[in-house]
Amino acid sequence: MIEAEKSPQNGLPNGLPTAPAGAVAEATAICARHRNDPAALLEILHDLQDQTGYVPEAVLPTIASALNLSRAEVHGVVSFYHDYRRAPAGPVVVKLCRAEACQSMGALALIETVCAARGIALGGTSEDGVTIEPVYCLGNCGLAPAAMVNGRLIGRADAGRLDTAVREARS
């Protein structure tokens, strides 16, 4: 078996993204603030995302080492929870609910329409800086389909209301 060549910057196989400048130091500091407690992994990841805008793949070994966890354990948490971004989001983030109540009220068709209009897949960021993310409940089931634009909840969402909310979020 041939082992992939490792990057000298982060010890990851070449081809995997490197951490943005300062992200490794930031991850180390955040872990230390949480006393390198493995039980604080979720909080550590939230704090890191708040600081850097996402959880860079390249810092997962740093977090794993600080918490005495395997890289696979940390990666599993990041990939399981939809709130953790693995790439930077655009300045406008649209969250579209995919839970059952919203699906029954047309959420899947809305998602297809919104993504097609922006020319991206769900989870992507358009050229004009709009990130469209799936979520699995916004707690607004009575006004399904529900969406959120930069933290503002929108009930009975449709393409027109979302376009208006995106324009308002930019201003």
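Predicted model: local features only at pLDDT ≥ 70, side-chain atom pairs only at ≥ 80, totals over all residues.
Q: Which residue does Asp163 form a salt bridge with?
A: Asp163 pairs with Arg118, the closest N and O atoms being 3.9 Å apart; a salt bridge here is a side-chain nitrogen of Lys or Arg within 4 Å of a carboxyl oxygen of Asp or Glu. The pair links distant parts of the chain, with Asp163 in helix H7 (residues 159-170) and Arg118 in helix H6 (residues 107-118), 45 residues apart. Helices are DSSP runs of H or I with at least four residues, strands are E runs of at least two, and both are numbered from the N terminus.

Q: Which residues are in the network of salt bridges?
A: Arg118, Asp128, Asp163 and Arg170 are linked in it.

Q: What about Arg71, which partner does it have?
A: Arg71 bridges to Glu57, with the closest N and O atoms 2.6 Å apart.

Q: Is Glu57 buried or exposed?
A: Glu57 counts as buried at 17% relative accessibility, while Arg71 is partly exposed at 31%. Buried is under 20% relative accessible area, exposed over 50%, partly exposed in between (1.4 Å probe, protein chains only).

Q: How many salt bridges does the structure hold?
A: There are 7.

Q: New topic: how many helices and strands?
A: The protein has 7 helices and 4 strands.

Technical notes: Residues numbered from 1 in each chain as written. Heavy atoms only, no water.
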